[in-house]
Amino acid sequence: MYDAGKILAGLVIFLLLVTTPVWWSFAMGAEVRAPKLVLPEGRRACVLPTGEMKATHMELLNRWRDLAVRHGDRVMTTWDGRKVRRSLTQSCLGCHTDKDKFCDRCHDYVAVTPYCWDCHVAPRGGAS
Amino acid sequence: MRAFQALVIVAVLSGAATLAAGVTAMRPVLGIVLPYLALAVFLAGMVARVVWWARSPVPFKITTVCGQQRSLPFLRRQPLESPFTGWQVVGRMALEILLFRSLFRNTRTELTPRKNLAYQPDKLLWAGALAFHWSFLVIILRHLRLFLEPVPRMVGILESVDGFFQLAVPTFLLTDAVIVAALLYLLARRLFNARVRYVSLAADYLALFLLLGIAGTGIAMRYFWKVDLVSVKELALGLVTLRPVLPEGVGAIFFVHLFLVSVLFAYFPFSKLVHMGGVFLSPTRNMANDNRARRHVNPWNHPVPVHTYEEWEEEFHDKLVACGLPLDKE
Ligand code: HEM
């Protein structure tokens, strides 16, 4: 074998790179666990069924924004007949009062950084 | 026709995965068993390939050079085009691997309307290949957010650069458009250029269709049929921490994506895609052009019993002296 040393070193680097996810959490000493969310107290349900909310709240927000800002259509009726104002800060954060312990925990977990907060201001208690 | 065969293969695979994803009993297979199998085949296959290449004899130093080699001091030399030392080889390889230097020299041969043979530079293939490979790399690095906990800062930065335009929600990512455009160009090149079509095999199309399928399902999952990413990350982390779990309520499209990725990984070491490892072991690139300074021994050389002039002189020393013949030794 020519250059056995270099080739074996290359293979080891390749294997280490591919298996990064396997040793990463050990190396970082992190606990691998889904984020713990603080859910609103005294409220029964979200504006959509929870399962849908988990996967599609960003699409809902996008729709809300268009309806509210472009069409002035600011009130929605939920599937169980409640009336909710289409507002990021007033509705979403009105129920989910602590952004840090709700939105952010989830978003940090999957490393999404919505840029909405460049303009919109989260109610006090949930800076950043 | 060969393109059609490949398309049918990918369509059947996607269809089968779609059907299987609808059956609860099949989900552990799609979500856990096949990914593990595919990864095992990928790793073992890549290592076996590289070791096999490394063991093959290299009879000659066959560096292909494109510049002035090291020579007389007043001749300007080109260390990256004709490397002499190990570090120069590293530089040359880096250019090759990161920027596809040799593809940059690609030319097209064409008959002009007047039936003259004309060669002209053809940078389009280089640009398309570079666009595809770099967006592929960026996408894989961005996917690390699903596999690493805590997510390294670099991944977030990469994503914010990729989502620079801040269009739409979820943010439109540049690499998603680039990879599809590049793949479609590479496909069109095979389909519409008669000479390239002539040398294209079903396997050439298969790689392209498979990658298009993976990118397509990924993009569909991000922008149209949302899945719950928190559950996906739970599944992905379960796989890599060797404690597999199968969360409820992940959309079927995720399993199609994952299945196509598994197929790609398992197929990788047996296909031309293995050039990912092969490029490092190409003797025309990874050898220094130092033939004049260092002897390269051909391992195939049969051991020949030689009798050198020195030995001969030694043997007949006394007789040569007696005849008064001149000796090299003295
Ligand atoms: C060869 C490897 C892969 C390629 C080329 C690929 C390609 C893509 C592409 C182009 C997207 C569109 C969104 C984006 O760019 O982030 C995507 C999304 C996605 N991929 Fe992959 N993928 C690969 C492997 C995987 C694996 C192994 C998983 C398993 C966990 C996975 C899970 C996902 C998920 C969950 C999404 C949706 C992300 C979102 O909604 O933001 N992918 N993929």
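## Ligand shell and chain contacts

Let's start at the ligand: 24 residues sit around it, and B:Arg142, B:His143, B:Asp176, B:Arg222 and B:His257 come nearest. Keep in mind that this is a predicted model.

| Side chain | Ligand atom | Distance |
|---|---|---|
| B:His143 | nitrogen | 2.7 Å |
| B:Asp176 | oxygen | 2.4 Å |
| B:Arg222 | oxygen | 2.8 Å |

As for where the shell comes from, H5, helix H9 (202-223), H10 and helix H11 (252-267) of chain B each give two or more residues. H5(B) gives the most, with seven residues. Sort the shell by class and you get 16 nonpolar, three polar and five charged residues.

Now for the two chains. On the chain B side, 42 residues are in contact with 33 residues of chain A. Together the chains bury about 3200 Å², with 74% of that on carbon and sulfur atoms.

On chain B, helix H2 (27-55), helix H5 (124-147) and helix H10 (229-240) each supply at least two residues to the side that touches chain A. H2(B) has the largest share of that side, at nine residues. By class, the chain B side splits into 29 nonpolar, five polar and eight charged residues.

Methods
Residues numbered from 1 in each chain as written. Chains lettered and ligands numbered in written order. Predicted model: local features only at pLDDT ≥ 70, side-chain atom pairs only at ≥ 80, totals over all residues. Heavy atoms only, no water. Contact = heavy atoms within 4.5 Å. Buried area = accessible area lost by both parts, 1.4 Å probe. Helix = DSSP H or I, 4+ residues; strand = E, 2+ residues; numbered from the N terminus. Nonpolar A, V, L, I, M, F, W, Y, C, P; charged D, E, K, R; others polar. Near = heavy atom within 4 Å. Polar contact = N/O pair within 3.5 Å; in protein donor to acceptor, adjacent residues only side chain to side chain.
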